[in-house]
Amino acid sequence: MKTYMVKITIDGKELEVPEGTVIIQAALENDIHIPHYCYHPDLSIDGNCRMCLVEVEGMPKLPIACATPVADGMVVHTKNENVTKAQESVMEFLLINHPIDCPICDQAGECGLQDYYMNHGLHNSRIGLREKVLKRKVIDLGEMIVLDTERCILCSRCIRFFDEVTHTGELQFYKRGDRTEIGTYKDQPIDNSYSGNVVDICPVGALTSKDFRFKQRVWFLKGTKSVCPTCSTGCNIRIDHTKGVVFRLVPRRNPEVNKSWMCDKGRMAYPLINGENRLKYPMIRNGENLEPSPWEEALDRVVKELKKIKEESGPEAIAGIASPQGTNEDLFLFKKWIREGIGTSLMDFRVNDEDKKVREMEDSILRRKDENPNTRGALALDLVPKNGGLDTKGILTAVKEGKIKGLYLQRPIDHFPDKTLLKEALEKAEFVVMHATHNGEGMRAAHVVLPSCTYAEKDGTFTNYEDRVQQIHRAFPPIGESRPDWEIFRDLLVHFGVSLSFPTAQDVFLQLSKEERAFQGMTLKGIGDLGRRISS
Amino acid sequence: MESYVKVVKVEKVGPLDTLRGLWVTLSNFFRTIFLRNRVTIQYPEEERDYSERFRGVHILTKHEDGTPKCTACFLCATICPADCIHIEAGEHPNNRVEKIPTRFDIDMLRCVFCGYCVDACPEEAIIMSKEYDLATDTREESIFTMEMLLNRADKLGFDNGYRPHFGPLGGGGTRGKMEEAGITGTTRKK
Ligand code: SF4
Ligand code: SF4
Ligand code: SF4
Ligand code: SF4
């Protein structure tokens, strides 16, 4: 079907937009802001808040921009006196029964009512404080949400989200007129795995997050663009943090990947970054225990032991297992380290059939079965054994049989399905090096553990299930003495006498885009905020 | 207060001016020693009375039932140029109040006593007293907790200092006072 382009003028700016677009969409996509509450680019049109009134030449009354499709030659004004007056009246109307909760409302600072009152309202209230209609407050709606019906402006975004995206339909309006209330039937808790999203789309403080409640005022938070590492979908997110502590994750709109949503599991995965049991120092085995030690000592130890094994039994006695938790940069240098540093081609990254699960959906919305953000990246970088080489199982069997003596793990591999084989192999291995982000059971077999930082503390790129390369950014410096994986591999390579210079992750990506066929011609600028797909 | 300082303009310095200078010194000396008319006071036995707008140690005001008026809105912590107010918020059992501080610390060593926090507070929950005696033995002692700030006024009997909003202590706060005075909305206009 051919889409016809239509010429319209908004505020004197001539635009060409596809037929069928509504005015507000045409305006927003061209950086003309029309105030709105109920309109949301990823939900159906409802047209109930009346905030987006604009003037269209030739129309007798002001139409709402969210429900008026563009027509050829249309001339729209969004800022003239008629419009401003109408917006002021709508603001006054919306605020008639609104409580003055800003000091205790978590939405303050990112609230549609506050922002538009300052831009389009500034009226004196004509309603006395005692005349307001009072409604129910602080209603517990399950794990994720606290509801305040008094603050609701009845925009129905949340209702449409549960009707159209999750198809669970928990929320509904009850009663009539200025007594209308939002709520669930008999205040039943909302229990679906995407419920956190209504907190983000609620333009006011009616739906607030139970987890984030009262923890921090939003204006103290800094936002860093990132990508959720909890599954292979790779939803675009923003990490909200201050002073090195993450307070929440919120979705970042990417129409091609996650629209404006993310799942609750991904959203609630942030405590792992702040976690008490983050590994902060390199650890070296001393008898039964792992003891903290300086970086230089740990690296020297790794280099010494691996060199010894290499000299005594040849490079084929060492194998590496990468992790799809790492960025493309991490994996690229992992490969270099195993190939050029140690000099073996014994490596794999699959521990639990990640490559098979990477595209399988777990539900019908976003989640995928593979819980790693970069499985496709590891495949694109060819971190799998070739023609009959040993895979993870083969490597572990060879370790058990004593053919392989040294093991380099980019992450603990507790999730390997054959627990007995894993245990026997790790006990038999002469020397096991491991990177880890957290203290844990998986570390018990290691001789040296190197502290690796989480995705929030490094720059890099992930390749999601559909081969879209997306950027993550460093929100704050790594905790303790931990370092990004790529930095550790770089330093090891230097210790092994390979000369290279990668001051930043960006330099690694530059080299990667030169050396790796799949990433040929990609630039970080080209990837931008929304990612770019590897062309097959 | 009578003036202790007189400005004398001298065009040309001659020998007489030296004597005149000496006379000023001597007359003050005699006044202090024999007439007991001193400029200085014997602190700490004696204390000066400061102005009504003196910005001393903060007081957190209370409702009649003894709970803090503070709603943990963080506006004071936001405006504070010294970043010395630390607040943690919790649930209030009454859901019409909803939010209440569970922790409210002010680091008096960092505070510059600018009074911005008092200006920012929408609840008249933080005001200042005339208390200025802040010497402590350790740094920890100079961090005043919510407990201390709430009970400061009762315990030490210091007078209220800077509090630009009207209404007596223990009254209805700014919002209540506004209502009493018949002000129902904001008076801000474009
Ligand atoms: S709760 Fe929020 S999103 Fe839902 S109708 Fe009310 S204002 Fe809109
Ligand atoms: S669907 Fe996956 S990528 Fe998206 S938020 Fe959930 S865990 Fe993260
Ligand atoms: S007086 Fe000034 S420096 Fe001291 S706490 Fe208040 S705002 Fe901060
Ligand atoms: S500004 Fe007032 S109400 Fe808000 S946190 Fe500070 S003392 Fe409490």
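The model is predicted, so local features need pLDDT of at least 70 and side-chain atom pairs count only at pLDDT 80 or more, while totals for chains, interfaces and linings use all residues. Residues are numbered from 1 along each chain as its sequence is written, chains are lettered from A and ligands numbered from 1 in the order in which they are written, and side-chain values use heavy atoms, leaving out hydrogens and water.

Let's start with aromatic rings. Rings of Phe, Tyr and Trp (its six-membered ring) pair if their centres lie within 6.5 Å; planes under 30 degrees apart count as stacked, over 60 as edge-to-face and the rest as tilted. That rule gives 15 aromatic pairs over all chains. Take A:Tyr408 and A:Phe489: their ring centres are 6.0 Å apart with the planes at 50°, so this pair is tilted. A:Tyr408 belongs to strand S17 (residues 406-409) of chain A and A:Phe489 to helix H14 (residues 485-495) of chain A, so the pair ties together parts 81 residues apart in sequence. Helices (H or I, at least four residues) and strands (E, at least two) are DSSP runs, numbered from the N terminus. Buried means under 20% relative accessible area, exposed over 50%, and partly exposed in between (1.4 Å probe, protein chains only). A:Tyr408 is buried at 0%, and A:Phe489 is buried at 0% too.

Ring pairs also link A:Phe334, A:Trp337, A:Tyr408, A:Phe489 and A:Phe496 into a cluster. Over the ring of A:Phe496 sits the charged end of A:Lys307, 5.2 Å from the ring centre. (Such a charge has NZ of Lys or CZ of Arg within 6 Å of the ring centre and within 35 degrees of the ring normal.)

Next, look at helix H15 (residues 505-515) of chain A, where A:Ala505, A:Val508, A:Phe509, A:Leu512 and A:Ser513 are buried. Seen down the axis of H15(A), the buried residues fall within an arc of 135° (taken from the directions from the helix axis to the C-beta atoms), so they line one face of the helix.

Most residues other than glycine have a negative phi, and most peptide bonds are trans. A cis peptide bond, with omega about 5°, joins B:Tyr43 and B:Pro44. B:Ala72 is not a glycine, yet has a positive phi of about 55°; this residue is buried at 0% relative accessibility.
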